[in-house]
Amino acid sequence: MPGLVVLAEDDPAVSSLVRLYLTRDGFGVEAHADGAAALQAVLTRRPVAAILDIGLPGLDGIEVCRRLRERGDRTPVLFVTARDDEVDRILGLELGADDYVTKPFSPRELVARLHAVLRRARPVDDDLLRLGPVSVDVTRRRVYAGEDEVHLTPTEFDLLAHLLRTPGRVWTRDELLSAVWGYGGGSGRTVDVHVAQLRGKLGAGAPLRTVRGVGYAADERGGDL
Ligand code: CA
């Protein structure tokens with residue numbers, strides 16, 4: 001599952017071309033034409049990566065990345081730059097930016113670079129599960145909805161983490177009982193109650209989908225199917 005990418009690009013032609021290629025490759029794309037909106041989007045939507053054009057109105061791409069890092073946000077960043085002196089700035093600031101492409105670039109090259117950035121980010125991020133606005137830090141057993149920490153019971157936590165490990169896969173209540181509670185053949189109602197509690201705590205963007213007559217899946221769209 002490639003996941004959501006936040007794109008900051010003020011050239012509409014470049015923005016729509018990049019969006020087209022990323023979408024084809026299975027990524028979700030949230031595009032913004034100015035740096036402040038992109039910064040807010042990365043902080044609240046928790047994308048798998050951000051693609052930041054450096055020459056942006058308001059906050060430039062480097063400033064967006066700097067502010068993310070200041071807040072402890074480690075979202076992988078791929079810069080897009082039009083000028084050599086910008087490359088020097090990126091490298092000189094040691095922002096923990098993961099790579100850059102120079103304009104003009106081919107969309108294929110950009111997608112390939114993005115994949116490389118995501119591969120490199122994975123070892124650090126291995127225990128971080130994200131879907132929609134929800135992220136789960138498995139090692140520290142902490143859960144966030146957007147920027148807010150959500151407090152779950154141990155069972156709610158295990159159920160959420162279990163579902164988020166396999167986005168899109170539909171689990172029956174019995175499968176969930178045996179995977180999370182450690183026994184099969186219990187009451188499916190137990191699962192229903194915990195999913196309802198999770199939805200209540202995670203709020204409107206809870207990425208949990210009810211698949212009628214079957215069970216549940218982690219799905220960014222949430223709701224019922
Ligand atoms: Ca630009």
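## Cation–ring placements

R24 lies over the face of Y21, at 5.0 Å from the ring centre. The model described here is predicted.

With a limit of 6.5 Å between ring centres, the count of aromatic pairs comes to zero.

## The parallel sheet

An open sheet is formed by five strands, in the order β2-β1-β3-β4-β5, and the pairing is parallel. Its edge strands are β2 (27-32) and β5 (99-102), each of which pairs on one side only. From one strand to the next, the twist averages 20°.

Strand β1 (residues 3-8) is joined to β2 by six bridges, and the two run parallel. In this pairing, L4 stands opposite G28 in β2.

## Helices on the parallel sheet

Helix α1 (residues 12-24) packs on the sheet, where α1 touches β1, β2 and β3 (49-53). The direction of α1 makes about 165° with that of β2.

Helix α3 (residues 61-70) also packs on the sheet, touching β3 and β4 (77-81). The direction of α3 makes about 165° with that of β4.

## The antiparallel sheet

Four strands form another open sheet, in the order β6-β7-β8-β9, with antiparallel pairing. At the edges are β6 and β9 (148-150), each pairing on one side only. Direction ignored, neighbouring strands of this sheet are turned by 25° against each other on average.

Four bridges connect strand β6 (residues 128-131) with strand β7 (residues 134-137), and the two run antiparallel. The bridge partner of L129 in β7 is V136. The hairpin of β6 and β7 has two residues between the strands, and G132 in this hairpin takes a positive phi near 55°. On to the next strand, β7 and β8 (residues 142-145) pair in the antiparallel sense over four bridges. Here S135 has Y144 of β8 as its bridge partner.

## Helix α6 between sheet and helix

Helix α6 lies across β6, β7 and β8, and runs at about 110° to β7. Helix α6 (residues 154-164) also packs with helix α8 (residues 188-202), at an angle of about 90° and with the axes 10 Å apart. The angle therefore makes α6 roughly perpendicular to α8.

On the α6 side, the residues that meet α8 are T155, E156, L159 and L160. Their counterparts in α8 are H194, V195, Q197, L198, K201 and L202. By class, the contact of α6 with α8 has five nonpolar, three polar and two charged residues.

## Helix α7 against α8

Helix α7 (residues 173-181) is another packing partner of α8: the axes come within 9 Å and cross at roughly 75°. At this angle, α7 is therefore roughly perpendicular to α8.

Residues R173, L176, L177 and W181 of α7 make the contact with G188, T190, V191, D192 and H194 of α8. The residues of this contact divide into four nonpolar, three polar and two charged. H194 of α8 takes part in the contact with α7 and also in the contact with α6.

Strand β10 (residues 170-172) is joined to strand β12 (residues 215-218) by three bridges, and the two run antiparallel. Within this pairing, T172 has G215 in β12 as its bridge partner.

Strand β11 (residues 208-211) likewise pairs with β12 in the antiparallel sense, over four bridges. V211 stands opposite G215 in β12, and G215 is also the bridge partner of T172. The hairpin of β11 and β12 has three residues between the strands, and G213 in this hairpin takes a positive phi near 80°.

Terms used: Residues numbered from 1 in each chain as written. Predicted model: local features only at pLDDT ≥ 70, side-chain atom pairs only at ≥ 80, totals over all residues. Heavy atoms only, no water. Pairing = 2+ DSSP bridges. Axes fitted to C-alpha atoms, helices over the stretch in contact; angles between N-to-C directions. Contact = heavy atoms within 4.5 Å. Phe/Tyr/Trp six-rings, centres within 6.5 Å; stacked < 30°, edge-to-face > 60°. Lys NZ or Arg CZ within 6 Å of the ring centre and 35° of its normal. Parallel < 35°, antiparallel > 145°, perpendicular 65-115°, else oblique. Nonpolar A, V, L, I, M, F, W, Y, C, P; charged D, E, K, R; others polar.
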